[in-house]
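This briefing concerns the two-chain model shown below. Please consult the sequence and coordinates alongside the text.

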Number of protein chains: 2
Amino acid sequence: MVISSEFLDALAPSSIRGITAKIREKAKSGVQVVSFAGGLPSKEFFPVEDIRKINNQIFDEEGGEAIQYAASDGYDPLRQYLVEFMKRYQVTDINYKNILITSGAQQGLAYLSKGLIQKGSVVIVENPSYPGALDTFRAYGAEIVGVDMDDDGMRMDALEELLQKYDKVAFIYTIADFQNPTGRSMSVGRRKQIVELAEKHDTFIVEDGPYSLISFSGEIMPAIKSFDRYGRVIYSGSTSKTIAPGLRIGWLIADEESITKLVYLKMRDDLQVNNMAQRQVYHYLKDCEFDEHLKTVTDAYYRRCQAMIAGVRASFPQGTKIVVPGGGLFMWVELPEGFDTLEMFDEVFQKNIAYVPGTFFCSDGGGKNAMRLNFSSADEETIKRAIPILGEMICQYQQKK
Amino acid sequence: MVISSEFLDALAPSSIRGITAKIREKAKSGVQVVSFAGGLPSKEFFPVEDIRKINNQIFDEEGGEAIQYAASDGYDPLRQYLVEFMKRYQVTDINYKNILITSGAQQGLAYLSKGLIQKGSVVIVENPSYPGALDTFRAYGAEIVGVDMDDDGMRMDALEELLQKYDKVAFIYTIADFQNPTGRSMSVGRRKQIVELAEKHDTFIVEDGPYSLISFSGEIMPAIKSFDRYGRVIYSGSTSKTIAPGLRIGWLIADEESITKLVYLKMRDDLQVNNMAQRQVYHYLKDCEFDEHLKTVTDAYYRRCQAMIAGVRASFPQGTKIVVPGGGLFMWVELPEGFDTLEMFDEVFQKNIAYVPGTFFCSDGGGKNAMRLNFSSADEETIKRAIPILGEMICQYQQKK
């Protein structure tokens with residue numbers, strides 16, 4: 001007997017995880033795909049030796065306590081350290097009770113979905129936006145409405161129109177820094193504006209900040225949360241892109257009472273986060289050379305990004321537009337009108353190259369001629385070799401049409 | 001602004017985690033509570049040195065891959081090993097695709113709740129049963145209906161009556177081995193019967209098996225799942241009580257298509273389980289002295305249980321009944337009629353002893369004169385010292401009335 005319910009039966013594989021699962025299948029049969037698809041940080045930079053030392057230190061100091069049941073709200077030293085950490089984004093007006101540790105940022109988004117989305121709720125998102133978030137909002141019952149972006153991020157006039165049109169907006173979801181998939185960042189002016197709009201229209205902002213520290217210029221922008229005078233901004237943090245994703249550590253920041261409610265949800269859902277991972281992140285941020293590590297990673301991603309830009313410019317069809325990213329992991333490429341990147345996908349994948357079709361990111365059915373390319377996962381040499389092959393396949397596809 | 005919704009606002013702290021949070025608060029101010037409350041396995045037995053070695057081995061062999069993004073269905077070598085592991089319970093007719101790795105068994109119960117409970121659903125449980133599960137079923141919208149137990153576990157005649165009475169039974173939840181809180185086990189005959197009843201009444205059984213290997217006699221009973229001819233039994237496994245709970249590793253076993261649906265849910269909810277923890281459990285079960293470890297733990301818990309039985313018999317009021325456990329972590333104590341263990345709790349807690357009031361386990365408002373005592377957490381000496389103090393307080397309470 002197969003389990004069944006309206007909720008379960010509406011779920012499909014997540015679009016991007018669907019692709020990465022295919023890549024894993026090929027790998028099992030010995031075929032390596034050059035993946036520009038997933039959002040994988042580069043594992044060669046993961047601080048394995050530091051974490052190895054931290055593991056030993058944890059057991060030396062705490063013994064079995066490090067793997068005993070623990071509090072649902074998180075490991076207090078980590079929560080307290082994150083209060084300091086958030087000053088990097090100019091978020092200063094918080095204490096550790098404003099922070100819930102989650103098993104990765106995705107879990108925080110799922111908790112907010114369960115907590116805030118009700119029958120008839122709308123969630124406003126950037127168009128395009130991260131499908132892993134949109135899938136979760138949809139699964140928990142939201143209608144997704146996209147706001148167009150320009151070079152300064154989400155357009156505030158378009159946002160205000162939507163806030164006037166819909167009266168049950170559960171929250172506005174934004175990736176303000178080096179957005180997924182476009183690589184764009186929201187201007188400081190708009191960060192202030194969006195907070196005022198949320199207050200005026202009585203809704204919340206969920207600010208997702210996984211890429212903020214992967215800044216090519218080194219400049220870190222003030223979070224929207226730093227302009228939050230009304231408790232309207234819920235911040236979602238992560239170390240998946242800056243330390244390692246397999247640790248599954250994220251955090252939510254909100255007012256204390258909201259965090260308390262989310263802790264009760266955590267008690268229902270999985271009791272607590274893995275103890276050792278919380279300690280690994282705490283000690284790594286506090287005791288190791290995190291800033292130096294960040295510079296190494298960011299510099300490498302910058303070089304990979306430059307190699308990708310050069311490759312796309314040299315080999316993709318005339319009329320292709322790219323958004324040059326200031327940081328993060330992704331580049332958004334728009335092919336000329338008439339291309340269908342979803343249709344092309346299988347053919348390209350047969351040649352063992354993968355990207356994510358643009359339509360996966362667009363809540364309005366757009367993005368047909370766009371694709372997201374990840375530049376963090378493959379090394380420069382691979383990028384220099386594979387991007388021209390991808391470009392050639394795209395050009396051939398054009399000729400066949 | 002505090003976030004708010006019907007769903008969120010209905011949540012309260014989980015009853016047992018509420019008590020353990022109080023105990024943690026006291027510990028912060030330097031006061032150690034003798035806790036017979038939580039379900040903590042004894043951390044002195046956690047295989048810290050083995051896990052330390054495994055951590056190093058993982059990094060030696062895999063480097064950064066061990067903390068990279070990974071599959072949502074779990075670490076395949078662990079899934080494959082669990083196929084072998086389940087033979088301990090005579091579950092033989094499965095392959096690794098029937099297994100989803102979860103961040104602890106609680107997460108599996110939450111997934112099943114989200115997937116199977118719909119508006120108007122009933123979940124049938126043993127009365128009394130584990131409140132952490134009942135709270136989750138309730139949070140996701142189920143009405144909880146309890147079935148009385150006798151020495152052979154859930155009464156099948158009473159179960160059948162309920163299955164006839166309610167037509168929207170999402171599932172029957174049972175802890176068949178060394179049940180929480182009663183320590184009772186379901187007889188083999190009833191295990192066969194319950195499968196037939198689930199088939200006849202078109203519902204599922206969720207079999208929760210965290211305590212099964214903590215068997216004082218060493219005998220491991222066949223799981224209900226081993227009698228499942230119809231795919232009606234979803235098995236929930238855990239190593240929290242046999243290795244360590246802070247690793248947060250559990251698993252669900254169901255037919256392949258059901259597992260696929262649950263994997264899609266996992267993609268929405270938190271992407272994947274912590275990689276290292278999956279590897280720790282895999283290597284510990286496969287490469288270390290798990291059976292020897294299990295014997296050490298079980299023997300120690302047996303001695304603690306005996307000390308507790310002796311203490312309760314010697315010091316609790318006349319007319320007190322205990323269920324002598326054959327294994328597991330808990331003893332169920334019924335004081336004579338008229339006692340109110342919830343009312344007594346604060347007074348006892350002031351003297352720095354904690355238990356869980358029986359009413360927390362009872363879906364029908366019963367259990368007022370009962371309490372659950374955990375015998376795994378405190379050592380023999382502490383049990384011998386503290387149980388008579390608890391007994392004396394109870395007797396004094398009787399005199400005051």
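Contact here means heavy atoms within 4.5 Å. Helices (H or I, at least four residues) and strands (E, at least two) are DSSP runs, numbered from the N terminus. The model is predicted: local features need pLDDT of at least 70 and side-chain atom pairs count only at pLDDT 80 or more, whereas totals for chains, interfaces and linings use all residues. Residues are numbered from 1 along each chain as its sequence is written, chains are lettered from A and ligands numbered from 1 in the order in which they are written, and side-chain values use heavy atoms, with hydrogens and water left out.

**The interface of chain A and chain B**

- In chain A, 83 residues are in contact with 83 residues of chain B.
- The two chains bury about 7500 Å² between them, 57% of it on carbon and sulfur atoms; buried area is the accessible area (1.4 Å probe) that two parts lose on being put together, summed over both.
- Arg17(A), Tyr69(A) and Arg268(A) supply 12% of the area that chain A buries against chain B, more than any other three residues.
- Between chain A and chain B there are 43 residue pairs in polar contact, both residues being at pLDDT 80 or more. A polar contact is a pair of N or O atoms within 3.5 Å; within protein, one must be able to donate a hydrogen and the other to accept it, and residues adjacent in sequence count only if both atoms are side-chain atoms.
- On the side of chain A that touches chain B, the elements giving two or more residues are helices H1 (6-9), H2 (15-28), H3 (48-62), H5 (105-116), H6 (131-139), H9 (256-269) and H10 of chain A.
- H9(A) provides the largest share of that side, 9 residues.
- By class, the side of chain A that touches chain B has 37 nonpolar, 24 polar and 22 charged residues. Ala, Val, Leu, Ile, Met, Phe, Trp, Tyr, Cys and Pro count as nonpolar, Asp, Glu, Lys and Arg as charged, and the others, Gly among them, as polar.

**Salt bridges**

- A salt bridge is a side-chain nitrogen of Lys or Arg within 4 Å of a carboxyl oxygen of Asp or Glu; the structure holds 60 of them over all chains, and 12 are found across the interface of chain A and chain B.
- One salt bridge joins Arg52(B) to Asp60(A), with the closest N and O atoms 2.8 Å apart.
- Lys261(A) and Asp9(B) meet in another, at 2.5 Å from N to O. This pair crosses between chains, from helix H9 of chain A to helix H1 (residues 6-9) of chain B.
- Lys261(A) is buried at a relative accessible area of 16%, whereas Asp9(B) is partly exposed at 40%. Buried means under 20% relative accessible area, exposed over 50%, and partly exposed in between (1.4 Å probe, protein chains only).
- A network of salt bridges links Glu25(A), Lys28(A), Asp73(B), Asp76(B) and Arg79(B).
- Within chain A, Asp291(A) and Arg88(A) form a salt bridge whose closest N and O atoms are 2.9 Å apart. The two residues are 203 residues apart, Asp291(A) in helix H11 and Arg88(A) in the loop between H4 and E2.
- Lys266(A) and Asp270(A) also meet in a salt bridge, at 2.7 Å from N to O, and both residues are buried.

**Helix H4 of chain A**

- The buried residues of H4 (residues 76-85) are Asp76(A), Leu78(A), Arg79(A), Leu82(A), Val83(A) and Phe85(A).
- Their cover includes strand E2 (99-102), strand E9 (250-253), helix H10 (275-287) and helix H11 (290-315) of chain A together with helix H2 (15-28) of chain B.
- Val83(A) has a relative accessible area of 13% and, not counting residues up to four places away in sequence, touches Val91(A), Ile94(A), Asn95(A), Tyr96(A) and Ile99(A).

**Thr298(B)**

- Thr298(B) lies in helix H11 (residues 290-315) of chain B and is buried, at a relative accessible area of 6%.
- A polar atom of the Thr298(B) side chain lies 2.6 Å from the backbone oxygen of Leu294(B).
- Leaving aside neighbours within four places in sequence, Thr298(B) is in contact with Leu213(B), Ile214(B), Ser215(B) and Phe216(B).
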